Amino acid sequence: MGEIRLEELSASNIAAANTLSLKPGQEQFIAPVSYSAETTVTDPAAAWQRVARLDDKVVGFIHGNFDPDNEHEEFRACIWRINVDADAQGQGVGRFLARALAEEARTRGFDRITVMWEPGTEGPEAFFHRIGFVDVDQTQYGDIIGALAL
């Protein structure tokens, strides 16, 4: 396996990021309801979007949000979305992307990052727990809020 590299989302890689495949059953977990509701008030300047490349192929995408003044603590430093291509899952790509966002959060002065997910057996809960997130709350829509201390 080659080295995973981080690259800013750009015109040259967005098409590849948009075509990342999923394993069967993962489609329903792609974006929790809470995120959809929050996007109406999110500041686009707070977005941190990166892709992961492995052997020159885009294999993952992460959309982070850094908004220290957001009225909702769970949206101040968070993983908004993380997608790893079905063929690259289990190879450390998701962990790599989450760690990159955590490091960016640390350099910006945050002491934790959060993420939300919809509960379900095919969902991302086990992944987030494996990389250190702990359940801290639940949204009004039933999504789990996980936090990773930095």
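## Close-ups of a predicted model

**View 1. Arg53 and its partner across the chain.** Arg53 comes out as buried, with a relative accessibility of 14%. Everything in these panels comes from a predicted model. The side chain of Arg53 meets that of Glu7 in a salt bridge, at 2.9 Å from N to O. This pair ties together distant parts of the chain: Glu7 sits in strand E1 (residues 4-8), Arg53 sits in strand E2, and 46 residues separate them. Is Glu7 buried or partly exposed? Glu7 is partly exposed, at a relative accessible area of 25%, whereas Arg53 falls under the 20% cut-off and so counts as buried.

**View 2. Arg50, a buried charge without a salt bridge.** Stay on strand E2 (residues 47-54), which also carries Arg50. Arg50 is buried, yet it makes no salt bridge. Which side chain of opposite charge is nearest to Arg50? That would be Glu8, 4.3 Å away. Beyond its neighbours within four places in sequence, Arg50 touches Leu6, Glu7, Glu8 and Leu9, along with Gly60, Phe61 and Ile62. Glu7 turns up again in that list, this being the residue that pairs with Arg53 in View 1.

**View 3. Two aspartates in the loop between E2 and E3.** Asp55 is placed in the loop that joins E2 to strand E3 (57-66), and Asp56 is in the loop between E2 and E3 as well. Most non-glycine residues have a negative phi. Asp55, though not a glycine, has a positive phi of about 50 degrees. Asp56 is not a glycine either, and its phi is positive too, at about 65 degrees.

**View 4. Helix H3 from end to end.** Helix H3 (residues 93-107) has the highest mean pLDDT among the elements of the chain, at 98. Its 15 residues span 21 Å from first C-alpha to last, close to the 21 Å expected at 1.5 Å a residue. Which residues of H3 are buried? They are Val93, Gly94, Leu97, Ala98, Ala100, Leu101, Ala102 and Ala105. After the helix comes Gly109, with a positive phi near 95 degrees.

**View 5. Charged pairs on and around H3.** Opposite charges on side chains can pair when the charged atoms come close. Glu103 and Arg106 are both in helix H3, three residues apart, or about one turn of the helix. They form a salt bridge, with the closest N and O atoms 2.5 Å apart. Both ends are partly exposed: Arg106 has 40% relative accessibility, and Glu103 has 39%. Glu104 and Arg108 also meet through their side chains in a salt bridge, at 2.8 Å from N to O. Glu104 is partly exposed at 22%, and Arg108 is partly exposed at 43%. How many salt bridges does the structure hold? Five.

**View 6. Aromatic rings.** The whole structure has six aromatic pairs. One of them joins Phe75 and Trp80, a tilted pair with 5.3 Å between centres and 50 degrees between the planes. Phe75 and Trp80 are both buried. Elsewhere, ring pairs link Trp117, Phe127, Phe128 and Phe133 into a cluster.

View 7. Where pLDDT is low, predicted coordinates should not be read in detail.

**View 8. The whole chain, for orientation.** The chain has four helices and seven strands. What is their order from the N terminus? The elements run β-α-α-β-β-β-α-β-α-β-β. Of the 150 residues, 42% count as buried. Among contacts between residues at least 6 apart in sequence, 64% join residues at least 24 apart. Mean pLDDT for the chain is 87, with 89% of residues at 70 or more.

Definitions and conventions
Residues numbered from 1 in each chain as written. Predicted model: local features only at pLDDT ≥ 70, side-chain atom pairs only at ≥ 80, totals over all residues. Heavy atoms only, no water. Phe/Tyr/Trp six-rings, centres within 6.5 Å; stacked < 30°, edge-to-face > 60°. Buried < 20%, exposed > 50% of the residue type's maximum accessible area, 1.4 Å probe, protein only. pLDDT = per-residue confidence, 0-100. Lys, Arg positive; Asp, Glu negative; His and termini not counted. Salt bridge = Lys/Arg side-chain N within 4 Å of Asp/Glu carboxyl O. Contact = heavy atoms within 4.5 Å. Expected span 1.5 Å × (residues − 1).
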